[in-house]
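Take a look at the chain below. This report walks through a few of its features, one at a time.

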Amino acid sequence: MIEGRPVLGIIPARGGSKGVPRKNLRPLGGKPLLAWSVEAGQGAACIDRLVLSSDDEEIMTVARELGCEVPYRRPAHLAQDSSPTIDLVLDLLDFLPETYGYIVLLQPTSPLRTAQDIDDAANLCVR
């Protein structure tokens with residue numbers, strides 16, 4: 001929580017990638033790229049709920065195996081190269097019955113971010 005308001009962590013990981021095919025599942029340091037964001041999100045004290053947004057069944061399966069919640073499959077029209085991230089966030093928020101005071105977006109392509117980095121960034125937001 002941040003200032004008593006619940007925090008939703010969202011990991012957006014679509015299946016398509018033109019530059020590096022299947023990049024979210026590619027190994028980095030002995031684990032899938034996706035795992036770094038899942039682990040950082042799980043370790044962040046400020047995040048109350050961590051979910052994956054994906055259109056890809058294999059990515060969804062790996063996320064579940066890592067202990068990340070996968071509440072639904074992202075619609076294909078929100079998983080295109082041109083799909084704005086805010087649209088998938090809004091779609092997910094419409095799907096979830098709860099409301100959240102803050103959203104933390106954890107891009108899988110930022111694997112060096114730690115749980116402490118997430119908590120430190122949250123603290124900066126409320127200063």
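## Helix H1 and its neighbours

This is a predicted model. In it, the buried residues of helix H1 pack against several other elements. Four of these are strands: S1 (7-12), S2 (27-28), S3 (31-32) and S4 (49-53). The others are helix H2 (57-65) and helix H4 (115-125).

Which residues of H1 are buried? H1 covers residues 33-43, and its buried members are Leu33, Leu34, Ala35, Ser37, Val38, Ala40 and Gly41.

Ala35 sits in helix H1. Its relative accessible area is 1%. The cut-off for buried is under 20%, so Ala35 counts as buried. Now follow the chain on to Cys46. Ala35 and Cys46 are eleven residues apart in sequence. From C-alpha to C-alpha, they are 19 Å apart in space.

## Ser53 in strand S4

Strand S4 is one of the elements that the buried residues of H1 pack against. Ser53 belongs to strand S4. Is Ser53 buried or exposed? Its relative accessibility is 0%, so Ser53 counts as buried.

What does Ser53 touch, leaving aside its neighbours within four places in sequence? Its contacts are Ile10, Ile11, Pro12, Ala13, Tyr72, Arg74 and Leu88. Two of these names come back below: Tyr72 in an aromatic pair, and Arg74 in the lining of the largest pocket.

## One aromatic pair

A pair of aromatic rings is described by two things: the distance of the centres and the angle of the planes. The count here comes to one aromatic pair. Tyr72 and Phe95 form it. Their rings are 4.8 Å apart, centre to centre, with 15° between the planes. Planes under 30 degrees apart count as stacked, so this pair is stacked.

Where do the two partners lie? Tyr72 is in the loop between H2 and helix H3 (85-95), while Phe95 is in helix H3. The pair therefore ties together parts that are 23 residues apart in sequence. Tyr72 is buried, at 12% relative accessible area. Phe95 is partly exposed, at 43% relative accessibility.

## Charges over rings

Some charged side chains lie over the faces of rings. Arg5 lies over the face of Tyr102, at 5.2 Å from the ring centre. Lys31 lies over the face of Trp36, at 3.9 Å from the ring centre.

## Positive phi angles

Now turn to the backbone. Glu3 has a phi near 50°, a positive value in a residue other than glycine. Glu3 is in the segment before S1. It is exposed, with a relative accessible area of 58%.

Arg22 also has a positive phi, near 60°, and is likewise a residue other than glycine. Arg22 is in the loop between S1 and S2. With a relative accessible area of 30%, Arg22 is partly exposed.

## The largest pocket

Rolling a probe the size of a water molecule over the atoms shows where empty space is left. How much space lies in the largest pocket? The figure is about 240 Å³.

The largest pocket is lined by 16 residues. Nearest its centre lie Pro12, Arg14, Arg74, Thr85 and Gln107.

Note on methods. Residues numbered from 1 in each chain as written. Predicted model: local features only at pLDDT ≥ 70, side-chain atom pairs only at ≥ 80, totals over all residues. Heavy atoms only, no water. Buried < 20%, exposed > 50% of the residue type's maximum accessible area, 1.4 Å probe, protein only. Helix = DSSP H or I, 4+ residues; strand = E, 2+ residues; numbered from the N terminus. Contact = heavy atoms within 4.5 Å. Phe/Tyr/Trp six-rings, centres within 6.5 Å; stacked < 30°, edge-to-face > 60°. Lys NZ or Arg CZ within 6 Å of the ring centre and 35° of its normal. 1 Å grid on protein atoms, 1.4 Å probe; cavity = no way out; pocket = protein on both sides within 12 Å on 5 of 7 lines; lining within 4 Å. Points joined across faces, edges and corners; volume = space filled by probe spheres on them.
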